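Subject: A structure to look over

Hello,

I am passing on the structure we talked about, with the sequence alongside. Please have a look at it first, and then read my notes below.

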Amino acid sequence: MMTLIGPFSQLLTLDGIPLKGAVSDSQLQIIRDGALVVEGDRISAVGAYDELKRDYPSAAVQTIEGDAVCLPGLIDVHTHICWGGSRAGDYASRIAGKTYLEIAEEGGGINVSVRGTRKASSGELFEGLRKRALRHLREGVTTCEVKSGYGLDRESELKVLRVIGRADGELPIDLIPTALSAHIRPFDFDGTDREYIDYVLHEILPDVKKENLADRADIFIDRGAFSKDDGAYFLRQASDMGFKLTVHADQFSSGTSSIAVSAHALSADHLESISEEDIDLLAASTTVAVALPGCSIGLGMNYAPARKLLDKGASLAISTDWNPGSAPMGDLLMQASLISAAEKLSSAETFAAITCRAAAALDLGDRGILKEGLLADFIMFPTDDYREILYNQGKIKPSAIWKKGVKV
Ligand code: NIG
Ligand code: FE
């Protein structure tokens, strides 16, 4: 059955936005009094409401009353929202003056979440993940990547990835799993960093593959995590095993996004400390630069140089990094608004960074744009002017959300 949904005061398709480089708002395709025709989980047509009503006379009609701006469903490409325990203690220490790295060296940080996540049952982990994923969905996120990385032993990593798979199956939001078993060497691993990487490669990832729990792998390359050599080694092996790659790069020290580029990673994420040289390398590559403003806010540090990356020609996605430690807020639209104000990003660049360019970072060709044949994932805001959305810095929430053609 076909359904005509509209009219929307403005419908932003994001179609025709290039995958890389700076974009001005004049490049936005805005359809006034626009509508979509949806059949099953896909979009059959996008256009002016009056024309579609004439062309699809037998379609059922879902009439939109009042002011409404329609956008593709938002895509968050970097989260760690399956965890147990709390890191409120870390946060209190940080705002009292300790750094993230100092807290980690003293036994706080990621290892606190490892203990909490190992202790939690699958049911408890599921409940936490369900609550966070549904909050994201209500705020317009229809596709959300979720990393493991707080289990850090075979059994616990598989437990977390199974919970993510269950939540993906049961909730009306797509959850894209990533194995971040190479987050850090956990406190209780008896061996070197390289031995832990080998443990991940030989004891965890083969089972992740066998059970089809994730086809993406990630690693944290930085001070307090893994060295560049270990990182490059891991990425080569994981790629040979058939995993798509993404990298936590250039957060505290520079020189790691070039490793992501050499490994043909889909994305290099963080980039708060990226060097000029690596900006050029990223810009010349197909690796998407992912800025994580929620982490900059959570740690009280600078944003990734998003303006410079775009001006040099890179593809930019913006994501929340929602996690219990460095980025506890988890509000994609608010964070995209804040980084766009600080870095001077156009509305077109900011929307592209949380829709079509985010889809590219996840290698998902079926979403992120409102176009015939793609998934009917779209959201609506109660305003007649798209500029109001970023202007209100996350305080105008979507008034309706459609996931795979169904209003949720
Ligand atoms: O993306 N940088 C490393 N990993 C996460 C933080 C994890 C944590 O502190 O729990 C991040 O910021
Ligand atoms: Fe992260």
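Predicted model: local features only at pLDDT ≥ 70, side-chain atom pairs only at ≥ 80, totals over all residues.

**What I found**

The UniProt record, an unreviewed entry, places the feature "domain: Amidohydrolase" at residues 300-384.

How is the protein divided? There is a domain 1, made of 2-72 + 369-407, and a domain 2, covering 75-361. Their C-alpha centres are 30 Å apart. Where the two meet, 26 residues of domain 1 are in contact with 29 residues of domain 2. On the domain 1 side, strand E5 (69-72), helix H16 (387-391) and strand E15 (400-403) each supply at least two of the touching residues. By class, that side of domain 1 has 15 nonpolar, 5 polar and 6 charged residues.

**A run of packed helices**

Start with helix H5 (residues 122-138) and H6, whose axes come within 9 Å and cross at roughly 50°. Why are they called oblique?

H6 passes H7 in a right-handed crossing. Arg154, Glu157, Leu158 and Leu161 of H6 make this contact with Glu203, Ile204, Asp207 and Val208 of H7. Here the classes are 4 nonpolar, no polar and 4 charged residues.

The last pair is H7 with helix H8 (residues 228-240), which pack at an angle of about 15° with their axes 10 Å apart. H7 is therefore roughly parallel to H8. Once again you will see a right-handed crossing where H7 passes H8. On the H7 side, the contact is made by Asp193, Arg194, Ile197, Leu201 and Leu205. On the H8 side, Asp230, Tyr233, Phe234, Gln237 and Ala238 take part. This contact of H7 with H8 has 6 nonpolar, 1 polar and 3 charged residues.

**Two backbone details**

Finally, here are two spots in the backbone to look up. Most residues other than glycine have a negative phi, and most peptide bonds are trans.

Which residues does a cis peptide bond join? They are Gly6 and Pro7, and omega there is about 0°. Pro7 lies in strand E1 (residues 2-12).

The other spot is Leu271, which is not a glycine but has a positive phi of about 70°. You can find Leu271 in the loop between strand E11 (267-270) and helix H10 (276-283).

I hope this helps you find your way around. Do write back with any questions.

Best wishes

Technical notes. Residues numbered from 1 in each chain as written. Chains lettered and ligands numbered in written order. Left-handed = near helix turned anticlockwise from the far one by under 90°. Helix = DSSP H or I, 4+ residues; strand = E, 2+ residues; numbered from the N terminus. Contact = placed C-beta atoms within 7 Å. Nonpolar A, V, L, I, M, F, W, Y, C, P; charged D, E, K, R; others polar. Domains from an automatic or database assignment. UniProt positions renumbered as here; feature names shortened; annotations may be inferred. Axes fitted to C-alpha atoms, helices over the stretch in contact; angles between N-to-C directions. Parallel < 35°, antiparallel > 145°, perpendicular 65-115°, else oblique.
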